[in-house]
Amino acid sequence: TLSCSMIYVPPVQMTYIFVYGTLKKGQPNYFRMLPDQGNGKAEFCGHARTVDGYPLVIAGKYNIPYLLNRPGEGHRIQGEVYRVDDNMLSFLDAFEGCPTMYQRTSVQIELEDWKVEGRERSPGSMMEAFLYSTTSYQPAWLKHNFYENYDAYGDHGLVYIDREDREIH
């Protein structure tokens, strides 16, 4: 006789992440979100913007985009929403230097479009997602230009320095 045992596999926890910087499509670190990188699973869901304004600056010697955790200042930030699994979330936490350099906080975003079949959400609807922002920054950064849509290749002329190309001290 054949015996069959049931193995309980817990459902994979999926988390919504809002990215606004180098992880967006067409930006220098987007490749890290792709399945063949072994970082976990990330499904593109759509475009959105933060409900609150935030200062988004390009700063430091590597021209990194920083979202300063000062809700109510700056612009409503445009970005992309991804559904990620625990592996990708762990990778992103490490990549973003969380919790020391960046903190992962929950924010309200307003959807501009939604691409996921079977989980319909309408443009203009609100949802919660995590984003990486920082409470540690130089006061002078508040005098930098604030952006609402980060583009590493934009006309600001501030060339993003890839992690692999930075000096190691």
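Colleague: Why is C98 called partly exposed?

Modeller: Buried means under 20% relative accessible area, exposed over 50%, and partly exposed lies in between (1.4 Å probe, protein chains only). C98 has a relative accessible area of 22%, so it is partly exposed.

Colleague: And why does C45 count as buried?

Modeller: Its relative accessibility is 0%, so C45 counts as buried.

Colleague: What does a search of the whole structure find in the way of disulfides?

Modeller: A disulfide is a pair of cysteine sulfur atoms within 2.5 Å. The search finds 0 of them.

Colleague: What are the ground rules for these values?

Modeller: This is a predicted model, where local features need pLDDT of at least 70, side-chain atom pairs count only at pLDDT 80 or more, and totals for chains, interfaces and linings use all residues. Residues are numbered from 1 along each chain as its sequence is written, and side-chain values use heavy atoms, with hydrogens and water left out.

Colleague: Which residue does the "active site" annotation cover?

Modeller: E96, according to an unreviewed UniProt entry. UniProt positions are given in the numbering used here, feature names are shortened, and annotations may be inferred rather than shown by experiment.

Colleague: Why is E96 called buried?

Modeller: E96 has 14% relative accessibility, so it counts as buried. It sits in the loop between α1 and β6 (103–111). Helices (H or I, at least four residues) and strands (E, at least two) are DSSP runs, numbered from the N terminus.

Colleague: What does E96 contact, leaving aside neighbours within four places in sequence?

Modeller: Contact means heavy atoms within 4.5 Å. E96 is in contact with L23, M101, Y102 and Y132.

Colleague: Which residues lie nearest the centre of the largest pocket?

Modeller: I64, F95, E96, Y102 and R163, among 19 lining residues. On a 1 Å grid over the protein atoms alone, a pocket is an open set of points where a 1.4 Å probe fits, with protein on both sides within 12 Å along at least five of seven lines; lining residues have an atom within 4 Å of a point. The elements giving two or more residues to this lining are β1 (15–19), β4 (64–67) and α1 (86–95).

Colleague: How many helices and strands does the chain have?

Modeller: The chain has 1 helix and 7 strands. Along the sequence they follow the pattern β-β-β-β-β-α-β-β.

Colleague: How much of the chain counts as buried?

Modeller: Of its 169 residues, 42% count as buried.
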